[in-house]
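Here is a short report on one protein model. Look at the fold first, then read on.

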Amino acid sequence: MINKKSREELKLMRHAGGVVALVHKAMKEAVTAGISTFELDEIASRVIKENKCTPTFLGYNGFPGCICTSINDEVVHGIPSKDRILKEGDIVSIDVGATYRGLVGDSAWTYPVGKISEEYEKLLKITELALFNGIDKMRPDNVLDDISGAVEDTALGAASNIPKELQGKKYGIVRQYGGHGVGRNMHEDPFLFNYRVKNNTKIKAGYVIAIEPMINLGVDEVVVSAVDNWCVSTADNKASAHFEHTVAATDDGPLILTALE
């Protein structure tokens, strides 16, 4: 069952999402060669708590961090660690959740560490574009497959607004993970695939979904770490990017709840 959010709930989610955006602002400044993912987690925790929120991820099904930090071929759910030091040329996906008065904001971004390869730059660009193409379809009377299809078309080089330098390039689309409803719980109905599945569920004003393309340089397939049972990596060890916003459908169009004012 998909729960519509009231005006008051959306207001609280906007606060939670705004705090998530502040964390990402801090992450953008902090991500440099030589910093550990544990240090990034500490910075995120401080920003979240200073703004009267709690870290949504911490303790979720036993997850030990306030944020997920996934480097290069790691797709999602990387655990922050003092031993994971960012290097020049890496890319790192940082997923952030903050809860305010019982309502959740959830957003991820993939950051370059210093100068990255042209191949990585293109991966980040196409994944971010897939996110915003998906967000554009988050409108009442569209269907969920409109969002999924916009992400798929972008990853496969078929979207109309793909930059010239990316035309004709096809990327892998993570199949096992995707977007989701969000509100009083971090994961609510519906599950949102990043490719078409013939889901004709109509979008209604008040629906809130975390739209999150996960796009790979290589194959679609991913594997879960046998060491920590959390970190998800690409099966061919090629890089992956992850971009996410929490978005509300309104009569005036999509409203991104995890963006700065």
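This is a predicted model: local features need pLDDT of at least 70, side-chain atom pairs count only at pLDDT 80 or more; totals for chains, interfaces and linings use all residues.

Residues are numbered from 1 along each chain as its sequence is written, and side-chain values use heavy atoms, without hydrogens and water.

The protein has four helices and 15 strands. These are DSSP runs: helices are H or I with at least four residues, strands are E with at least two, numbered from the N terminus.

| Property of the protein | Value |
|---|---|
| Span of the C-alpha trace along its principal axes | about 45 × 45 × 35 Å |

Buried residues make up 56% of the 261 residues. Buried means under 20% relative accessible area (1.4 Å probe, protein chains only).

Nonpolar side chains tend to be buried together in soluble globular proteins. Which residues touch the most other members of the largest nonpolar core? They are Met27, Leu40, Ile94, Met138 and Ile211, in a core of 67 residues. Helix α1 (residues 7-30) gives the largest share of this core, ten residues. Another core lies apart from it, with six residues, including Val76 and Met214. A nonpolar core is a set of buried Ala, Val, Leu, Ile, Met, Phe, Trp, Tyr and Cys residues joined through side-chain atoms within 4.5 Å.

Take Ile94. Beyond its neighbours within four places in sequence, Ile94 is in contact with residues including His24, Met27, Leu40 and Trp109. Contact means heavy atoms within 4.5 Å.

Technical notes
Buried means under 20% relative accessible area, exposed over 50%, partly exposed in between (1.4 Å probe, protein chains only).
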